[in-house]
Amino acid sequence: LWTADIPYIRTWEGWLYLASIIDCYSRRIVGWSMADHLRHELVVDALNMAVDRRRPGRGLIHHSDQGSQFTALVFGQRCRLAGINVSMGSRGDCYDNAVCESFHASIKKELLHRHSWPTKAEARTAVFEYIETFYNQRRRHSTLGYIAPALYEEQYQKLARQNEQEEQQAA
């Protein structure tokens, strides 16, 4: 299950928009994109990053709100091409996308509301560093036993390999 949404980022040069996709199993941001517009390309770019990074099997669920970007024909076609099932919450219901809303609250509290951004380029760089070097690699999550998403995935893969070896030895 992946969840997605778009928070807005204020800069002195105008607004930036961050489309983010979170893998619910590890809370890792697997795809994201930033732009100064809210057209469908924003979410398609984030989806392309997530698909390229994860290579999901058929049947993955992508959940979002009913924003025009997520209901765009191009976005739906890209999901179908990747074998991804699209799920959307009911209008006005923020609770069914709580994982994504939680990430957006974190990035706002921990980064965006602590600084003012004179340029869009500065905001982009800061968001990149937050997601790729802090949030995914070092930020601890209570739902993961207070470890970071990257370490959680690493430990899961290690355990899966050990289980596979044990099964082979038992056979």
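Q: Where is Leu112 placed?
A: Leu112 is in the loop between H4 and H5. Helices here are DSSP runs of H or I with at least four residues, strands are runs of E with at least two, and both are numbered from the N terminus. This is a predicted model, in which local features need pLDDT of at least 70, side-chain atom pairs count only at pLDDT 80 or more, and totals for chains, interfaces and linings use all residues. Residues are numbered from 1 along each chain as its sequence is written, and side-chain values use heavy atoms, with hydrogens and water left out.

Q: Is Leu112 buried or exposed?
A: Buried, because its relative accessible area is 9%. Buried means under 20%, exposed over 50%, and partly exposed in between, using a 1.4 Å probe and protein chains only.

Q: What is Leu112 in contact with, beyond its neighbours within four places in sequence?
A: Ile9, Ile107, Trp117 and Val127. Contact means heavy atoms within 4.5 Å.

Q: And how far is Leu112 from Lys158 in space?
A: 35 Å, C-alpha to C-alpha. Leu112 and Lys158 are 46 residues apart in sequence.

Q: Back to the two helices. At what angle do H4 and H5 pack?
A: About 110°, with the axes 12 Å apart. H4 covers residues 98-110 and H5 covers residues 120-135. That makes H4 roughly perpendicular to H5. The axes are lines fitted to C-alpha atoms, for helices over the stretch in contact, and angles run from 0 to 180 degrees between N-to-C directions. Under 35 degrees counts as roughly parallel, over 145 as roughly antiparallel, 65 to 115 as roughly perpendicular, and the rest as oblique.

Q: Which residues of H4 and H5 make the contact?
A: From H4, Phe103, Ser106, Ile107 and Glu110. From H5, Val127, Tyr130, Ile131, Phe134 and Tyr135.

Q: How many of those are nonpolar, polar and charged in the contact of H4 with H5?
A: Seven are nonpolar, one is polar and one is charged. Ala, Val, Leu, Ile, Met, Phe, Trp, Tyr, Cys and Pro count as nonpolar, Asp, Glu, Lys and Arg as charged, and the others, Gly among them, as polar.

Q: His104 next. Which helix is His104 found in?
A: H4. His104 counts as buried because its relative accessibility is 4%.

Q: Which side chain does the side chain of His104 make a polar contact with?
A: That of Ser20, at 2.9 Å. A polar contact is a pair of N or O atoms within 3.5 Å; within protein, one must be able to donate a hydrogen and the other to accept it, and residues adjacent in sequence count only if both atoms are side-chain atoms.

Q: What else does His104 touch?
A: Asp5, Ile6 and Pro7, along with Ser20, not counting residues up to four places away in sequence.

Q: New topic. How do H1 and H3 pack?
A: At an angle of about 15°, with axes 9 Å apart. H1 is residues 40-54 and H3 is residues 73-82. That makes H1 roughly parallel to H3.

Q: Which residues meet in H1 and H3?
A: His40, Val43, Val44, Leu47, Asn48 and Val51 in H1 meet Val74, Phe75, Arg78, Cys79 and Ala82 in H3. By class, the contact has eight nonpolar, two polar and one charged residues.

Q: Where does His62 lie, and is it buried or exposed?
A: His62 lies in strand S5. It is buried, with a relative accessible area of 0%.

Q: What does His62 touch?
A: Setting aside residues up to four places away in sequence, His62 touches Trp2, Ala4, Ile21, Leu47, Phe70, Phe75, Ile84, Asn85, Val86 and Ser87.

Q: What about Arg55, where is that found?
A: In the loop between H1 and strand S5, residues 61-64. Arg55 counts as exposed, at 60% relative accessibility. Its phi is near 50°, a positive value in a residue other than glycine.

Q: Last one, Glu153. Buried or exposed?
A: Glu153 counts as buried, at 9% relative accessibility. Glu153 is found in helix H6. Glu153 touches Tyr25, Ser26, Arg28 and Arg54, not counting residues up to four places away in sequence.
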